[in-house]
Amino acid sequence: MTNKFAFPFFNLFFMLSVCGIANGQTVEDKPIFHYSVMDAMRNGVYTGALTIDALAAQGDFGLGTYNQLDGEMVALDGVFYRVAPDGGVAKAEAQRKVPFASVAFFKADQVFELTNIQNIEMLQQEIMRRLPSKNKPYLIRIESVFKELNVGGANKLEAKDTTGLAELMKSRPLYKKQNVAGTIVGFYHPAYASGIDLSPFHFHFISNDKTYGGHIVAGELSSTKIKVSIDEKPGYQLMLPEDNKTFNRPWSTPDKTKGTY
Ligand SMILES: [Zn+2]
């Protein structure tokens with residue numbers, strides 16, 4: 001093939017790739033990309049080698065944390081945010097690394113509105129009732145105004161600190177805000193995935209004005225409508241940290257009874 005013909009072919013392939021329709025599959029059809037596992041966090045693995053830049057190629061919607069627990073991660077509409085340990089929100093630097101994250105490309109396949117929901121527990125119960133299957137993972141995007149929302153952050157750790165997550169979470173910083181409008185970036189994970197991530201739900205939040213966010217601990221909802229969009233995914237693509245001594249050493253048996261962080 002001469003250059004004359006090779007060039008247009010390359011361009012066409014490039015366009016298909018960018019549009020995400022190479023191999024007849026859209027990016028929204030891809031599984032959830034999961035970096036590391038919650039059991040690693042439960043066993044004190046807080047450093048990874050994956051950058052935000054690399055993660056962004058795997059999804060436009062997701063959550064996670066940053067190395068040494070230096071902030072919480074929320075990704076919405078392709079923008080990756082970092083909620084710093086002091087509660088401040090900013091766009092994450094492209095080269096900042098994560099020890100744990102899950103992302104995917106969001107495309108709603110079901111949208112519904114809920115009313116008369118008083119708190120996060122009720123909200124989760126209502127969503128649970130409407131999931132087509134309890135055995136598939138889902139992305140869950142929730143837009144509403146919250147009467148009060150409590151989010152948790154993390155305190156940045158020393159590089160060698162491998163204290164388990166359950167112990168660390170006893171002293172995690174908590175931030176409370178009233179009358180806040182924003183989006184919950186959430187996941188439903190089936191019970192069998194509880195070693196990979198929190199099951200059944202893992203919710204992070206980012207306010208519309210991008211000044212408040214984090215891991216949702218508790219919340220009360222206003223009487224306003226709640227818009228819920230869900231996106232069923234076909235499974236998981238799991239990537240584990242490489243050359244990571246803390247990840248590779250033996251772990252204690254994880255306590256699966258802990259539903260929170
Ligand atoms: Zn979280």
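Predicted model: local features only at pLDDT ≥ 70, side-chain atom pairs only at ≥ 80, totals over all residues.
I started with burial: 36% of the 261 residues in the chain come out as buried.

The chain averages a pLDDT of 89, and 88% of the residues score at least 70.

Then contacts. Taking those with a separation of 6 or more, I find that 76% join residues 24 or more positions apart.

On to secondary structure. I get 6 helices and 15 strands for the chain.

Which strands make up the open sheet, and in what order? There are 7 of them, running β6-β5-β4-β3-β8-β1-β15, and the pairing is mixed. I looked at the edges too: β6 (89–91) and β15 (236–239) each have a single partner strand, so one side of each has no neighbour in the sheet. Averaged over this sheet, neighbouring strands are turned by 15 degrees against each other, direction ignored.

A reminder to myself: strands of a sheet pair through backbone hydrogen bonds, either parallel or antiparallel.

Last, I zoomed in on one pair. Strand β4 covers residues 72–76 and strand β5 covers residues 79–83. How do these two pair, parallel or antiparallel? They are antiparallel, with 5 bridges between them. Within that pairing, I noted Ala 75 standing opposite Phe 80 in β5.

Methods: Residues numbered from 1 in each chain as written. Pairing = 2+ DSSP bridges. Helix = DSSP H or I, 4+ residues; strand = E, 2+ residues; numbered from the N terminus. Axes fitted to C-alpha atoms, helices over the stretch in contact; angles between N-to-C directions. Buried ≥ 20, exposed ≤ 12 C-beta atoms within 10 Å, placed from the backbone. Contact = placed C-beta atoms within 7 Å. pLDDT = per-residue confidence, 0-100.
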